[in-house]
Number of protein chains: 2
Amino acid sequence: MTITEVSEKYGISVDTLRYYEKAGIIPRVTRNKSGIRNYQEEDLQWVQLAIWMRRAGLPIDALAKYVKLNLAGEETLPQRIELLKTQRLELERQRQEIDEAMTILNRKIKKYEEVLKNNT
Amino acid sequence: MTITEVSEKYGISVDTLRYYEKAGIIPRVTRNKSGIRNYQEEDLQWVQLAIWMRRAGLPIDALAKYVKLNLAGEETLPQRIELLKTQRLELERQRQEIDEAMTILNRKIKKYEEVLKNNT
DNA sequence: GTAATCCCTGAAGTGTACTCCATGTCAACA
DNA sequence: TGTTGACATGGAGTACACTTCAGGGATTAC
């Protein structure tokens, strides 16, 4: 699969795909002899993971560290677990912030709509 | 209340407080004759709102627009409602991204922990 | 064989949200 | 009255995550 096809498949620019690879959140993609990327199934799985995690807001450097640990082999399993748990905690915290903000937003919207109704 | 006190109360730097005011996500704070900020109850409510919304990830420009509409008076109620609803939608989207990422994270953590257990 | 098309890289540029810094004012205390 | 310390402003600097650009190679279409 070419970089353009991958880009279309996942709705992400080719520049970003190259950037993710350079940043290390996608391991070096399979290439042909002239250096052109030819994404294999495994490459695509990394792409998918990177996109999911980035959308949720996980930072590039944490993801890069995770990828590095993966490439380093089995003995990094404990560190990987710890890293993932840390990130999970961050996501939980972030979700809570969102829930709190949502509560305020809902309260305000409701209040405004009532004022609007009573002014009619 | 001085800017330093507000900073300590909300755990946010004085620079950020000034920045928020300049950026328009907090209306001009009450000042004494020599121009020094003296936060009143109403100012504090704006500070609180700004901090909550920023923590959830609402962008500065959307918040600034909201503040501007507020200062413009009652007739902007419909626009305010629309703005808040748009932001609520964004938060919902973001929460969903987080939930999806969390599912993946949990799956991976579980898998790693099982491998680790079986390797013992 | 040459023009068009797609891909490559390294480096510079952009947007967002702060954060830091230089310089200056003002009130209060020694 | 001089010095200290909190606060003010405008502007430069920083971090992060892309995004754009300049300059080149390789393949395909004619």
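Buried here means under 20% relative accessible area, with exposed over 50% and partly exposed in between (1.4 Å probe, protein chains only). This is a predicted model, in which local features need pLDDT of at least 70, side-chain atom pairs count only at pLDDT 80 or more, and totals for chains, interfaces and linings use all residues. Residues are numbered from 1 along each chain as its sequence is written, chains are lettered from A in the order in which they are written, and side-chain values use heavy atoms, with hydrogens and water left out.

Select helix 1 of chain B, residues 3–10 (helices are DSSP runs of H or I, at least four residues, numbered from the N terminus). Its buried residues are I3(B), V6(B), S7(B) and Y10(B).

Then pick G11(B), which follows helix 1 and has a positive phi, near 65 degrees.

Move to I26(B). Leaving aside neighbours within four places in sequence, I26(B) is in contact (heavy atoms within 4.5 Å) with L17(B), Y20(B), E21(B), W46(B), V47(B) and A50(B).

Finally, display both chains. Chain A can be laid on chain B with an RMSD of 0.0 Å by a turn of 180 degrees and a shift of 0.0 Å along the axis (least squares on C-alpha atoms of residues with pLDDT of at least 70 in both). That is the relation of a two-fold axis. In chain A, R95(A) has the C-alpha nearest the axis, 3.1 Å from it.

Methods. Helices (H or I, at least four residues) and strands (E, at least two) are DSSP runs, numbered from the N terminus.
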